[in-house]
Amino acid sequence: MLDVFAPIAAAVDLTIPPEHRLPVAVVGAGAIVDVAHLPAYRAAGLEITGLFDLDAGKARATADHHGIERVYGSLEELLADERVAVVDIAVAPDAQPGIARTAIEAGRHLLCQKPFAPDAATGRELVDAARERGVKVAVNQQLRFDEGIAAARAMVRAGWIGEPTAMTFTVNIFTDWSAWDWLVASDRLEIAYHSIHYLDAIRSILGDPERVFCTGSRTPGQLAKGETRTMSTLVYPGDVRALVHATHENRTGDYEAAFRIDGSEGAIKGTLGLLYDYPHGRPDTLEVNSRTLPTDGWLPYPVTTRWLPDAVAGPMGSLLAAIAEDGEPETTAADNLRTLDLMDALYRSMRTGESERLLSL
């Protein structure tokens with residue numbers, strides 16, 4: 001029976017072929033670069049030309065930790081390095097658009113972080129500028145490439161559960177936002193910086209909804225300014241629905257981080273292991289129950305990698321493939337504008353208390 005998983009495993013393979021590999025420079029030397037980006041790139045066989053961060057000491061310490069020789073003194077010095085083919089921007093969101101504009105003008109391909117832009121107008125401006133310069137831009141929505149999510153998507157596309165009818169994420173954890181000063185002070189929090197992963201993963205499987213409902217709230221005594229609990233409902237044509245229920249103020253330790261996709265001929269369910277012990281985490285779990293195979297009940301899929309750091313190689317690998325083959329990365333910036341549109345519609349619904357339709361970008 002395990003032979004049936006061979007095409008699924010092939011579909012989620014994150015190996016970057018040697019002929020696709022190009023030198024990468026990284027802007028930013030924060031914790032996510034240290035624990036996820038650089039380990040993933042090293043495992044994928046990529047060359048890192050160097051790092052730049054406004055905090056030169058942090059950049060030097062991170063570079064030393066990963067055996068990277070060069071620390072750039074400025075963004076201009078990084079972009080003057082002719083060996084740099086791709087720039088991975090990993091900075092606070094408000095700093096990203098300016099860096100992206102400069103790098104696009106220099107003709108460098110980019111991997112940007114989510115949220116891609118603070119608003120749709122800025123996002124469109126960056127997409128247009130990249131198109132004019134012939135630059136590829138991908139967004140690091142790496143949950144799409146997490147093995148559990150990617151395998152579930154491959155099963156759906158293979159028709160194992162028939163026509164998808166619903167997709168849900170249920171996340172009940174505690175997140176210490178104090179690790180990110182800028183996040184603690186942000187008016188928008190849970191959806192913009194966490195559930196945006198789930199929304200993008202849902203879009204990769206179900207596509208764009210027609211309208212949405214959302215409510216969000218805080219809890220007594222929480223440190224963060226923005227919402228830390230949200231319930232988001234996505235309404236699709238016909239009877240297809242999606243739900244994201246997330247809270248980051250679980251103070252009893254009985255964490256849950258699960259997802260499920262239901263279909264006309266079965267279902268897929270799993271867990272997001274990273275969130276049970278962030279940032280180390282544990283492997284995801286994944287099971288499928290299919291009448292089309294058939295599976296004779298729930299059949300476990302053998303997940304062997306983790307959301308962090310492993311899935312971070314996915315968006316970069318997709319970008320490098322697009323450069324090599326003159327195609328488009330899976331998480332292209334133009335597509336990510338739809339994820340931003342979805343996020344904005346949820347915030348409008350949270351504010352108005354009414355359902356909201358997605359805008360036309």
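The legends below describe close-up views of a predicted model. Local features require pLDDT of at least 70 and side-chain atom pairs count only at pLDDT 80 or more, whereas totals for chains, interfaces and linings use all residues. Residues are numbered from 1 along each chain as its sequence is written, and side-chain values use heavy atoms, with hydrogens and water left out.

View 1. H2 covers residues 31-43, helices being DSSP runs of H or I with at least four residues and strands runs of E with at least two, numbered from the N terminus.

**View 2. Surroundings of His 37.** Because its relative accessibility is 1%, His 37 counts as buried, a term meaning under 20% relative accessible area with a 1.4 Å probe and protein chains only. Beyond its neighbours within four places in sequence, His 37 is in contact with residues including Asp 88, Gln 113 and Asn 140, contact meaning heavy atoms within 4.5 Å.

**View 3. The open parallel sheet.** The 5 strands follow the order S2-S1-S3-S4-S5, and two strands pair if DSSP finds at least two bridges between them. S2 and S5 (137-139) each have a single partner strand, so one side of each is left without a neighbour in the sheet. S1 and S2 pair over 4 bridges, and Ala 25 has Gly 50 in S2 as its bridge partner.

Notes: The expected span of a helix is 1.5 Å times one less than its number of residues. Buried means under 20% relative accessible area, exposed over 50%, partly exposed in between (1.4 Å probe, protein chains only).
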